[in-house]
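Q: Can you walk me through this one? I'd like to go piece by piece.

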Amino acid sequence: MNSMVVTGKSWDKLILNSDVPVLVEFYASWCGPCRMVHRVIDEIAMDYTGRLKCFVLNADDDLEIAEDYEIKAVPVVLLFKNGEKRESVIGTMPKEFYVAAIERVLST
């Protein structure tokens, strides 16, 4: 897996204080569609090495973070730049949707 794990404890350090844009996939262990999204995010992590960091967060284990960002269901992918949420992709989408959102974030 090319995505790194982030938790509530490491959130500020890894996500909000990151010097490069960050993608976070919120998932749950019981969520089938999340596994498909995992695979897409792993590919993206390789495609964007050095330009984007990819993380996964277990929404069941870190309810507080999920609630802070109003995650009602998984999978949800959020994109952050300079500590701010810039884009979100909700549900299971084709890779192009994630890439389009990433490109919007990288170009601003």
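This is a predicted model: local features need pLDDT of at least 70, side-chain atom pairs count only at pLDDT 80 or more; totals for chains, interfaces and linings use all residues.

Q: How many aromatic pairs does a search of the whole structure find?
A: Four. Rings of Phe, Tyr and Trp (its six-membered ring) pair if their centres lie within 6.5 Å; planes under 30 degrees apart count as stacked, over 60 as edge-to-face and the rest as tilted. Take Trp11 and Tyr69: their ring centres are 5.4 Å apart and the planes sit at 45°, so that pair is tilted. Trp11 is in helix α1 (residues 11-16) and Tyr69 in the loop between α3 and β4, 58 residues apart, so the pair links distant parts of the chain.

Q: Is Phe80 buried or exposed?
A: Buried, because its relative accessibility is 1%. Buried means under 20% relative accessible area, exposed over 50%, and partly exposed in between (1.4 Å probe, protein chains only). Trp11 counts as buried too, at 2%.

Q: New topic: what order do the strands of the sheet have?
A: The open sheet of five strands runs β1-β3-β2-β4-β5, with mixed pairing. Two strands pair if DSSP finds at least two bridges between them. The edge strands, β1 (4-5) and β5 (84-90), each pair on one side only.

Q: Which way do β2 and β3 run, and how many bridges join them?
A: They run parallel, joined by six bridges; Val22 stands opposite Lys53 in β3. β1 and β3 are parallel as well, over two bridges, and Met4 has Phe55 in β3 as its bridge partner. β4 and β5 are antiparallel over six bridges.

Q: How many residues of β3 are buried?
A: Five of the six, so β3 is largely enclosed by the rest of the structure.

Q: What about helix α2, how far apart are its ends?
A: The end C-alpha atoms of α2 (residues 32-47) are 24 Å apart. The expected span of a helix is 1.5 Å times one less than its number of residues, so with 16 residues α2 should span 22 Å, which agrees. Among its buried residues are Cys34, Val37 and Asp42, and the cover over the buried ones includes β2 (22-27), β3 (53-58), β4 (76-81) and α4 (95-107).

Q: Last one: where is Asp62, and what does it touch?
A: Asp62 is in the loop between β3 and α3 (63-68). Leaving aside neighbours within four places in sequence, Asp62 is in contact (heavy atoms within 4.5 Å) with Val6, Thr7, Gly8 and Leu57.

Note on methods
Residues are numbered from 1 along each chain as its sequence is written. Side-chain values use heavy atoms; hydrogens and water are left out. Helices (H or I, at least four residues) and strands (E, at least two) are DSSP runs, numbered from the N terminus.
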